[in-house]
Amino acid sequence: MGEKKKKIKPEETTVQKIIESSRRDFLKKAGISGAAVVSGAAAVFAGYRHEKAKNKEKYVKVLTTDNRLLEVPADQLDGYKPGVKELQKRGREGIKGKKWIWVIDLSKCRNARKCIEACQNAHHLRPYEYHINTLVMQESVNTPAYFMPKPCQHCDNPPCVSVCPVDATFKRQDGPVLIDNERCIGCRFCMAACPYSARMFHWEDPRDAESDKGKEYNVELNIPQKKGTISKCLMSCDRLRENKLPYCVSACPNGVYYFGDENEDAVTNGTTKETVKLSELLEKNGGYRLMPELGTEPRIYYLPPKNRLFDFKKERSEIKDFII
Amino acid sequence: MNSQNKIGGLEKDRIETVASDILRTVRINRSFIIWIMVLFVALALCLFAYAIQLRKGLIVAGIRDFTSWGMYISNFVFFVATSLVGMLISCVMGLIGFKWITPVTRIAEIIAVAFAAVAGLVIISDMGRPDRLPYVFLYGRVQSPILWDVTVVTTYFVLSLLLWFLPMIPDLAIAKTKLPNRPAWLIKAYKILSFKWIHHEEQTKILGQAVKILLLLIIPTALAIHTVTSWLFAVNPRAGWDSTIFGPYFVSGAFVAGTSALIIAMYFFRSNYRLQQYITDFHFERIARLLFLVSVVYLYFNLNEFLVPAYKMKKFDAIHLHELFSGNHALVFWGTQILGLALPIILLIFRKIRKPTPLLVIAVIMFVASWIKRIIIVVPPQGHPYLPVQYVPVEWMVYKPTLIESAVTLASFILVLIIVTLLSKLFPVIPILETAREGNINEIGKDEKP
């Protein structure tokens with residue numbers, strides 16, 4: 001990035017600066033949302049691509065965030081890559097106007113554990129290091145046993161955030177509770193405070209400590225993971241920024257997960273990609289939250305494990321042991 | 001200053017005798033040097049264990065995702081607890097007006113200073129990123145109890161250090177001329193630290209006021225350090241920690257740990273420094289009564305802490321209590337409660353037990369039990385969270401302290417011994433002027449109603 005800047009005409013540098021300073025205003029004014037601007041970066045004028053495809057010109061026109069039209073050498077153009085500072089800033093601010101919400105349908109979970117796999121791949125975790133885990137639950141002898149995927153509950157009143165001494169773990173305005181491993185001192189108070197056992201700690205060098213070396217730290221992905229710090233479910237905030245569903249949600253083969261925006265009252269099933277009304281889904285199926293008596297106000301809703309389409313006992317018997 | 005023969009209104013002869021007895025212990029002899037060297041070598045070995053932890057991460061300790069606070073945090077709680085004895089003896093007992101505490105106040109303060117100082121250090125051994133310790137001050141958030149703990153522990157350490165040092169200034173002034181054959185730097189240090197003290201009435205008055213203010217300040221600070229330490233647990237929604245009496249439960253337990261430590265130290269100084277004349281059987285008899293009192297109070301809080309939830313047996317409390325009463329932790333739990341608390345209380349009723357040697361045995365047992373009790377408070381509530389522990393390696397499920405963890409913990413005790421040794425060997429371990437003023441200790445004892 002730095003190298004490229006030197007080659008670029010002076011205008012380009014200005015463009016970069018302007019983009020950084022008033023990107024937000026532009027978003028409002030232009031009213032363009034979605035994939036083109038999701039990276040929260042260079043708003044490349046739509047005509048640019050069209051022109052480039054037609055005939056390879058030397059210069060292309062780009063529209064800056066303050067509505068100035070500039071010409072830039074085509075071969076010098078690069079997608080905007082935010083630095084650590086910008087990643088931290090937007091990572092802590094969140095995505096404006098959103099209120100992410102997650103619904104987990106227990107009647108469909110048969111413990112395929114694909115969500116866990118996808119999550120561990122995305123966040124570079126070992127098989128026994130969980131941001132999300134699927135548990136075998138049974139309240140009492142006469143109540144049904146069921147499988148329960150358990151990510152961080154992204155509480156609206158998070159005990160972990162209250163106890164953090166250095167503001168390393170924080171609640172974003174769009175819902176998720178994140179962890180900044182550049183700040184975390186490793187006291188593990190948040191682990192003690194979490195009633196859902198949702199957090200993990202890097203007791204040793206993380207799985208990909210070597211290969212992740214030198215990568216710019218993205219607080220929304222929590223990579224590179226760091227020894228001596230906490231890691232946790234991040235609601236795949238990096239994917240949300242690209243208007244994609246979280247890693248685990250997309251990976252589920254059984255249609256367990258619905259994910260969406262509470263403000264829009266719409267959630268999308270990660271398997272079928274069908275979008276339904278959130279309020280109706282919860283209303284019809286008797287949605288509930290985990291341990292509401294603790295007052296943590298989770299953002300994760302569960303639908304009860306009724307009318308299961310598979311034989312639980314058979315599925316259950318296939319699990320040899322809960323211990324790895 | 002009415003007479004050349006008087007210092008602070010006391011006969012010079014009397015002070016001479018007391019001073020020469022007490023200052024006999026201030027010397028740098030061979031056994032002292034060997035002892036200190038042994039301590040430092042042991043410390044170096046233990047710090048090597050910590051170096052391994054720094055390199056490999058906390059994986060070298062037995063703690064894992066579910067039981068993530070283990071021996072380090074328990075040990076921290078224990079250190080904070082033991083340091084409270086300074087407040088109990090000098091402030092509470094002193095301000096009420098008990099005279100017999102005079103010869104042991106400085107020992108109590110040394111214990112307070114040593115344990116409070118090291119408590120601040122042991123907490124670092126539990127940090128995943130000790131290099132980021134400054135972040136606590138740079139980015140500290142006041143709503144986190146850790147910030148409160150850091151604040152009050154530091155304050156208590158400073159106040160305790162002052163309470164150890166300030167009343168010693170007149171002693172240093174007396175001592176600086178009475179230390180023949182001691183190294184010149186020590187005498188020079190005494191001269192500097194005695195701040196040109198000349199036993200003037202005005203000086204005595206100001207010092208007296210300063211000490212009184214300290215005594216008053218230390219009481220709320222000491223209560224705060226252990227109450228806040230208990231809140232590190234009580235603020236979390238977990239069965240076994242989620243208790244409203246954790247503050248007083250911890251404070252009362254702290255007095256048991258601290259008083260036991262003081263008894264052990266008293267016994268040691270009395271026999272090794274040959275101070276039988278100043279720390280007498282009478283003092284042991286008195287401190288035994290104090291130990292009895294604080295133990296009964298602690299037992300009372302234990303009843304509340306365990307009996308009330310055990311009566312209701314709410315789901316998760318029940319799991320926790322079954323583990324303690326009849327499960328994996330039963331042996332240790334009943335061991336600390338019966339051997340470490342109930343039995344000593346019964347024994348302390350008997351006058352024969354309140355003699356130095358049997359009392360030492362009881363104090364050692366209670367001291368060790370207090371340490372183990374902290375493990376029982378910290379570890380078991382983490383073993384059974386609200387949601388089941390599944391699909392993790394077996395060592396994730398059961399906490400087993402490791403050798404490295406134990407060595408790092410041992411380092412904290414060695415550090416305490418180093419501090420106690422230095423403070424007690426380089427400075428008078430018993431207040432000279434105050435003890436001289438109290439007259440014959442045994443006689444005072446007879447004046448007081450037993």
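## What's in the model

Chain A has 12 helices and 13 strands.

Keep in mind that this is a predicted model. Its overall scores are ipTM 0.90 and pTM 0.87. Chain B has an average pLDDT of 92, and 95% of its residues score at least 70. The stretch to watch is residues 441-450 of chain B, where the pLDDT is below 50. Beyond near neighbours in sequence, that stretch has 14 contacts in the model.

## The build of each chain

Let's start with chain B. A compact globule of 450 residues would have a radius of gyration near 22 Å, and chain B agrees with that because its own value is 23 Å. Along its principal axes, the C-alpha trace of chain B spans about 80 × 50 × 40 Å. Of the 450 residues in chain B, 43% count as buried. Take the contacts in chain B between residues at least 6 apart in sequence: 84% of them join residues at least 24 apart.

Now for chain A, which has 324 residues, with 40% of them counted as buried. For contacts in chain A between residues at least 6 apart in sequence, 57% link residues at least 24 apart.

## Helix α10 of chain B

Helix α10 of chain B runs over residues 201-234, so to speak a stretch of 34 residues. From its first C-alpha to its last it reaches 49 Å, close to the 50 Å expected at 1.5 Å a residue. Where does α10(B) have a kink? Look at B:Ile218, where there's a kink of about 25°, shortly before the proline B:Pro220.

B:Ile218 is also one of the buried residues of α10(B). Others in that list include B:Thr221, B:Ala222, B:Ile225, B:Leu232 and B:Phe233. What do the buried residues of α10(B) pack against? Their partners are α3 (71-83), α4 (85-96), α7 and α11 (246-272) of chain B.

## Helix α7 of chain B

One of those partners, α7(B), has 21 residues. It reaches 30 Å from its first C-alpha to its last, close to the 30 Å expected at 1.5 Å a residue. Among its buried residues are B:Ile146, B:Asp149, B:Val152, B:Val153, B:Tyr156, B:Phe157, B:Leu163 and B:Trp164. An α-helix has 3.6 residues a turn, so residues three or four places apart point the same way.

The buried residues of α7(B) have partners in both chains. In chain B they pack against α3, α4, α5 (102-125) and α10. In chain A they pack against α7 (159-163) and α8 (189-193).

B:Thr151 and B:Phe268 are 117 residues apart along the chain, and their C-alpha atoms are separated by 33 Å.

## Where the chains meet

The contact between the chains takes 35 residues from chain B and 38 residues from chain A. On the chain B side, the elements giving two or more residues are α6 (133-138) and α7 (145-165). The largest share of that side comes from α7(B), with three residues. Sorted by class, the chain B side has 21 nonpolar, eight polar and six charged residues.

Some spots in the loops deserve a look. In chain A, the peptide bond from A:Ile223 to A:Pro224 is cis, with omega near 0°. A:Pro224 sits in the loop between β8 (199-201) and β9 (230-232) of chain A.

A:His124 isn't a glycine, yet it has a positive phi of about 60°. You'll find A:His124 in the loop between α6 (114-123) and β4 (133-137) of chain A. With 19 other C-beta atoms within 10 Å, A:His124 is partly exposed. Over in chain B, B:Lys196 has a positive phi of about 55° and isn't a glycine either. B:Lys196 lies in the loop between α9 (184-193) and α10 of chain B. This residue, B:Lys196, counts as exposed, with 10 C-beta neighbours inside 10 Å.

Note on methods
Residues numbered from 1 in each chain as written. Chains lettered and ligands numbered in written order. Predicted model: local features only at pLDDT ≥ 70, side-chain atom pairs only at ≥ 80, totals over all residues. Contact = placed C-beta atoms within 7 Å. Helix = DSSP H or I, 4+ residues; strand = E, 2+ residues; numbered from the N terminus. Nonpolar A, V, L, I, M, F, W, Y, C, P; charged D, E, K, R; others polar. Rg over C-alpha atoms; globule rule 2.2 N^0.38 Å. Buried ≥ 20, exposed ≤ 12 C-beta atoms within 10 Å, placed from the backbone. Expected span 1.5 Å × (residues − 1). Bend = angle between axes of the 7 residues up to and from the residue. pLDDT = per-residue confidence, 0-100.
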